[in-house]
Amino acid sequence: QKVLVELKITFSQCSKNERNYKTTSRKYMRSPLSPEMATQEVQLNETLAHLKTESENLKSKLEEERAKLHDVELHQVAEKVEGLGQFIMKTRRTLKGHGNKVLCMDWCKDKRRIVSSSQDGKVIVWDAFTTNKEHAVTMPCTWVMACAYAPSGCAVACGGLDNKCSVYPLSLDKNENLAAKKKSVAMHTNYLSACSFTNSDMQILTSSGDGTCALWDVESGQLLQSFHGHAADVLCLDLAPSETGNTFVSGGCDKKANVWDMRSGQCIQSFETHESDINSVRYYPSGDAFASGSDDATCRLYDLRADREVAIYSKESIIFGVSSVDFSLSGRLLFGGYNDYTINVWDVLKGTRVSILFGHENRVSTLRVSPDGTAFCTGSWDHTLRIWA
Amino acid sequence: MTIRTARPDRVEHFRPHMHCLKKLEALVVEMQDPKTGVKGSEQKLNVTTIPHVITGKDIVAWITNKMKTTAEEANVVGTMLVAYGYIYPLQNHKKLVMCNDSSLYRFQTPYFWPSQKWVADDSDYAIYLAKRNIRKKGLLEPYEQVHYNHLHKWLNHKWDFIVMQATEQYRAGRERKKPDRVVFDCQERAYWILNRPPVSVYIVCFPVLPQNIFYQQAIMRSKVKSSVSLGALVKYVTTYKTHDPFLAPCLPSNPWQTDSDAYWTLNMRSVDLPTKMRVERWSFSLFELLTDLRGRDDFKIFLKKEFSGENLAFWEAAEELKWGTASSMKSKAETIFKTFLAPNAPRWINIDGRTMGLTVKGLEHPHRYVLDAAQTHVLLLMKKDTFFRYLKSPVYKDIQKKALNPDPAQLEQNAQNRSPGIHPIILWKQEEEEKAKAAAASAPVDVKAMMSKIDRK
C-alpha cells in the first residue's frame with residue numbers, strides 16, 4: 001500500500017504524465033465564423049483533403065521503398081554468431097546517501113566517478129570505486145531529472161523542474177560552496193528532461209518538456225541552435241559517437257525517436273514504432289544504430305543506414321516500462337532498467353534475454369555503462385545507486 | 001528593401017519539393033506576361049489606389065485556357081498558387097484560397113517566394129510583429145498577439161535587437177511613397193499569413209505540409225540493404241568481442257570485481273607503454289586511434305617522421321573551433337587561417353582549390369562550422385591513406401612489440417585496498433599546462449621582437 005500511495009503522489013507532481021502538456025501560449029483562440037467564412041472553410045477543407053491524400057500516398061511509397069531493401073532479419077544474420085555463455089553480474093557497490101528517489105546519473109571520463117541527482121533536489125558527486133561522496137549540491141528545485149558530467153571532469157550540469165540547466169564547476173576543496181560559482185546556461189519553458197555536454201565543456205545539449213531540444217554555449221548562455229519537431233515532451237537524448245560528432249537522437253512522449261543534425265537544426269530521420277512514451281535512447285557504439293526504451297515495455301533497435309526498426313526486445317512476462325537503456329562496449333549486450341525494479345540484459349543480435357538482475361527495491365530510473373565498459377551503474381527510486389560488474 | 005540578408009544554407013528544408021515550386025513559378029511568370037498574361041488593373045483599396053490587381057475569375061479563366069481543363073481543376077491550381085504564396089488575396093487576406101469571382105488578388109514579389117533560400121524564422125516574425133505594434137498600437141489580431149507574447153518570452157534575450165530592427169524598418173517604410181508602402185505592406189502581410197498562419201489553417205494544415213516535405217525527403221534519402229547494414233553491426237560486435245569487459249576478462253582484473261585499480265593505472269592517458277589490447281584497438285579505426293589520446297600521440301610520432309603533421313594539427317584546431325566557446329571563435333578562426341590556410345602559411349594544408357576557396361570565403365564571417373568542408377577533406381585523407389600507412393609503419397610495429405601484456409591477477413577483494421587514484425581536476429590542469437607549453441614551443445618565432453631584445457642587451 002505504501003508503494004501505491006507514493007506512486008500516486010509522484011504522478012500528480014511529475015508533469016510528464018499530464019496529457020495537457022501544451023503551454024497556454026500554444027493554444028490559439030478561434031475567431032468566430034461568419035457565413036461567408038463558412039463557404040471558404042469548405043474550399044479550404046477540400047485543399048486539406050488533397051494534402052492529406054498526398055500524405056497517405058507518400059507514406060505508403062516510403063514504406064514500399066523501405067520494404068524493397070529489407071532483405072534479411074537481424075536474427076537471421078546473427079545465426080552464424082556464437083551464443084553467449086552464462087553471466088555472473090553482481091552488485092559490486094551500493095551508494096547510499098540520497099534522501100529520495102534517484103532520477104539520473106552520469107559517469108566521469110575517469111571511469112570511476114559519477115554524478116547523480118534526485119527528487120529532493122540534491123546532486124552528489126561520488127568516487128564510486130571507493131564509495132566516497134566528494135561533493136554535494138542542493139538545487140533550488142525538486143525533481144532534478146537531468147545531470148551530466150563534463151568531459152574534462154571539472155564540472156557537472158543539472159536541472160529539472162526549474163526549467164533550467166545549470167553548470168557547477170567542481171573544486172578540489174571539499175568545503176567549498178559549489179553553489180556560489182553556479183552558472184545558469186539553458187532556459188526552457190518547461191521542465192528539463194535530459195542534458196549532455198558535447199565534446200567539450202563549452203557546449204550543452206538539452207531536451208525539455210516544452211517539446212524542444214536545444215544547444216547552448218556554456219560561457220555566455222547563448223542559444224546556439226534549437227530543434228523543433230516533437231509534438232510532445234522530449235524525454236531523452238544521446239549524442240552520436242562518430243568522429244564528425246554532428247548528430248544526436250531524441251525520444252519523446254509523442255512515441256517518436258528523431259535524429260537531428262546539430263548544425264542546421266533539421267530532423268534528418270524519424271522513427272515511430274513504439275506504442276508509448278520513449279524514455280531512453282542510446283546510440284550503438286558504432287554510431288550506425290540506436291536503441292530505445294519505452295513505457296510500452298519494449299526496447300527496440302533502429303538501423304540508421306537501412307532507415308528502419310530491426311529488432312524488438314520484449315517478453316510476455318515483462319509488463320512494466322523501460323526507463324533507461326545502454327549498450328556494453330562491443331554492442332553485443334543491451335542493458336535495460338525497468339519500472340518493475342529489475343534489470344534485463346538482452347543479446348542484441350539474437351534478440352533473446354540473457355539475464356535478469358534483482359536488487360533494487362523500487363523502480364530503476366537510470367542506467368549507464370561506464371566509459372571503459374567495465375561496469376554499469378543503476379539509480380533507483382529506492383534512493384540508492386548500484387554498480388554492477 | 002532593408003529586411004534581411006540571405007541566411008546560411010537551410011536549403012535542405014525545401015529541396016524535395018523544389019521541382020513542384022519550379023513548375024508553379026514558371027506558371028506565375030507566364031501569368032504576369034504583359035501581352036499574354038492575366039489582365040490587371042488599378043483598384044482602389046480603402047483610400048489608396050493599388051496597381052496590378054487581378055480578379056479571381058480572370059485567373060481561373062486564364063488557367064482553364066492555358067491548361068485546357070475544367071474550371072474546377074483550374075480553381076484547385078489557383079488555390080495552390082495562393083497556398084504556396086505566389087498570389088495573395090487583398091480582401092479576406094487570411095483565407096488562402098482562390099475564389100472564382102470578382103475577389104481581388106496580386107502577384108507576390110519574388111523576394112517572398114517560398115523557393116528562396118532563407119527560412120521564415122522566429123526572429124523575423126518577431127521583428128514583423130513588433131513593427132506592426134509600433135504602427136498600430138494594440139491592433140494585432142488575437143492569434144498574432146499570442147504569437148507575440150510567446151516570442152517575447154522565448155526570444156527575450158535578443159529583444160533589444162528585435163525592437164531596434166523593427167524601429168529601423170518602420171522608419172524606412174515611412175520614407176516610401178504611400179502607394180508603394182501599401183503594396184509592400186500587403187506583400188509582407190501575405191508572406192506572414194502563409195508562414196505563420198492563423199487558427200484553423202495552422203492547426204489543421206500546418207502539420208500536413210511539413211510532414212509531406214519530410215516524407216519526400218525520406219523517400220529520396222539513400223538507404224542501404226538490410227543485409228549490408230546488419231552485417232556491419234555483426235562485424236562490429238565480432239571485432240570488439242575480446243575488448244568488452246562483460247564478454248572477456250579484463251587484464252589484469254576488473255577493478256570493480258577485485259578492488260584493484262591496476263587496470264586503470266595501466267591504461268592512463270600518458271603511460272610510456274600502453275597495453276597490447278589498447279594498441280590493438282587503435283588498429284580498428286582512425287576514430288579509435290584519435291579518440292585515445294595516447295594513440296593520437298603515437299600517430300603524431302609517425303606523422304612527424306613523414307613531415308605531414310599539419311593535417312592532424314588542422315583537424316585538431318578545427319575541432320577546437322567547433323566545440324569552443326562562442327566568444328573565442330573569431331580569434332581561433334584568424335589563427336587557423338594564418339597557420340594553415342593563408343598563402344605561404346607555416347603549416348599550409350594541401351586541400352583542393354574549391355574547398356580552399358569556400359573555406360577562405362567562409363572565414364570572412366566565421367561561424368562554428370566554417371571549417372567543416374576542409375576538416376572532412378583532411379579527415380578522409382587521413383582515414384583512407386595515412387591511417388593504413390601508419391598501421392604498416394615501424395612506429396606502430398614497434399609499439400606493438402613493446403606493449404605490455406599484464407597477467408591475470410587473482411586479487412583478494414579488499415575494500416581497504418581501494419586506491420583513490422588521481423583526481424580528474426589535477427589531471428586536467430596538468431594537461432592544460434602541457435598544451436600551453438607545446439603551443440608556446442611551436443609558435444612561429446617573432447624575429448623582430450627577438451632581434452630588438454638582442455639589440456637591447
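This is a predicted model: local features need pLDDT of at least 70, side-chain atom pairs count only at pLDDT 80 or more; totals for chains, interfaces and linings use all residues.

Trainee: What does B:Ala74 touch, leaving out residues up to four places away in sequence?

Mentor: B:Val60, B:Ile63, B:Thr64 and B:Thr69. Contact here means heavy atoms within 4.5 Å. As for B:Met220, 146 residues along the chain from B:Ala74, the two C-alpha atoms are separated by 30 Å.

Trainee: And why is A:Glu65 called partly exposed?

Mentor: Partly exposed is the band between under 20% for buried and over 50% for exposed. The relative accessible area of A:Glu65 is 22%, so partly exposed is the label. A:Glu65 sits in helix 2 of chain A, residues 35-69.

Trainee: Which residues is A:Glu65 in contact with, neighbours within four places in sequence aside?

Mentor: B:Ile219 and B:Lys223.

Trainee: Why does B:Phe307 count as exposed?

Mentor: Exposed needs over 50%. B:Phe307 comes in at 74% relative accessibility, and therefore counts as exposed. B:Phe307 belongs to the loop between helix 15 (293-306) and helix 16 (310-323) of chain B. There's something else about B:Phe307: its phi is positive, about 55 degrees, although the residue is not a glycine.

Trainee: Where in chain A is there a positive phi in a residue other than glycine?

Mentor: At A:Lys111, where phi is near 75 degrees. Look for A:Lys111 in the loop between strand 2 (102-107) and strand 3 (113-118) of chain A.

Trainee: What makes the peptide bond from B:Leu251 to B:Pro252 cis?

Mentor: Its omega, which is near 0 degrees. B:Pro252 lies in the loop between helix 10 (226-240) and helix 11 (255-258) of chain B.

Trainee: Let's move to whole chains. How many helices and strands does chain A have?

Mentor: Three helices and 28 strands. Chain B, on the other hand, has 22 helices and four strands. Of the 389 residues in chain A, 61% count as buried, while in chain B buried residues make up 46% of 457.

Trainee: What is the domain division of chain A?

Mentor: Domain 1 covers 97-228 + 360-388, and domain 2 covers 229-358. Their C-alpha centres lie 20 Å apart, and 34 residues of domain 1 are in contact with 34 residues of domain 2.

Trainee: And chain B?

Mentor: Chain B is divided into domain 1 (19-112), domain 2 (122-195) and domain 3 (248-402). Domain 1 and domain 2 of chain B have C-alpha centres 26 Å apart. Their contact takes 17 residues from domain 1 and 15 residues from domain 2.

Trainee: Where does UniProt place the feature "domain: RGS" in chain B?

Mentor: At residues 285-400, according to an unreviewed UniProt entry. In the model that span is 73% helix and 0% strand, with its end C-alpha atoms 16 Å apart. Residues 95-136 of chain A are 0% helix and 60% strand; residues 357-389 of chain A are 0% helix and 52% strand.

Trainee: Last topic: how many cavities of 30 Å³ or more does a search of the whole structure find?

Mentor: One. A cavity is a space where a 1.4 Å probe fits but cannot get out. The volume of the largest cavity is about 80 Å³.

Trainee: Which residues lie nearest the centre of the largest cavity?

Mentor: B:Gly85, B:Tyr88, B:Ala190, B:Tyr191 and B:Leu194, out of 13 lining residues. Helix 7 of chain B gives the most to that lining, with four residues. Domain 1 and domain 2 of chain B each supply at least three residues.

Trainee: How does the lining divide into nonpolar, polar and charged residues?

Mentor: Ten are nonpolar, three are polar and none is charged.

Conventions. Residues are numbered from 1 along each chain as its sequence is written. Chains are lettered from A and ligands numbered from 1 in the order in which they are written. Side-chain values use heavy atoms; hydrogens and water are left out. On a 1 Å grid over the protein atoms alone, a cavity is a set of points where a 1.4 Å probe fits but cannot get out, and a pocket is an open set with protein on both sides within 12 Å along at least five of seven lines; lining residues have an atom within 4 Å of a point. Grid points are joined across faces, edges and corners, and a volume is the space filled by probe spheres set on the points. Helices (H or I, at least four residues) and strands (E, at least two) are DSSP runs, numbered from the N terminus. Ala, Val, Leu, Ile, Met, Phe, Trp, Tyr, Cys and Pro count as nonpolar, Asp, Glu, Lys and Arg as charged, and the others, Gly among them, as polar. Domain bounds come from an automatic or database domain assignment. Buried means under 20% relative accessible area, exposed over 50%, partly exposed in between (1.4 Å probe, protein chains only). UniProt positions are given in the numbering used here, feature names are shortened, and annotations may be inferred rather than shown by experiment.
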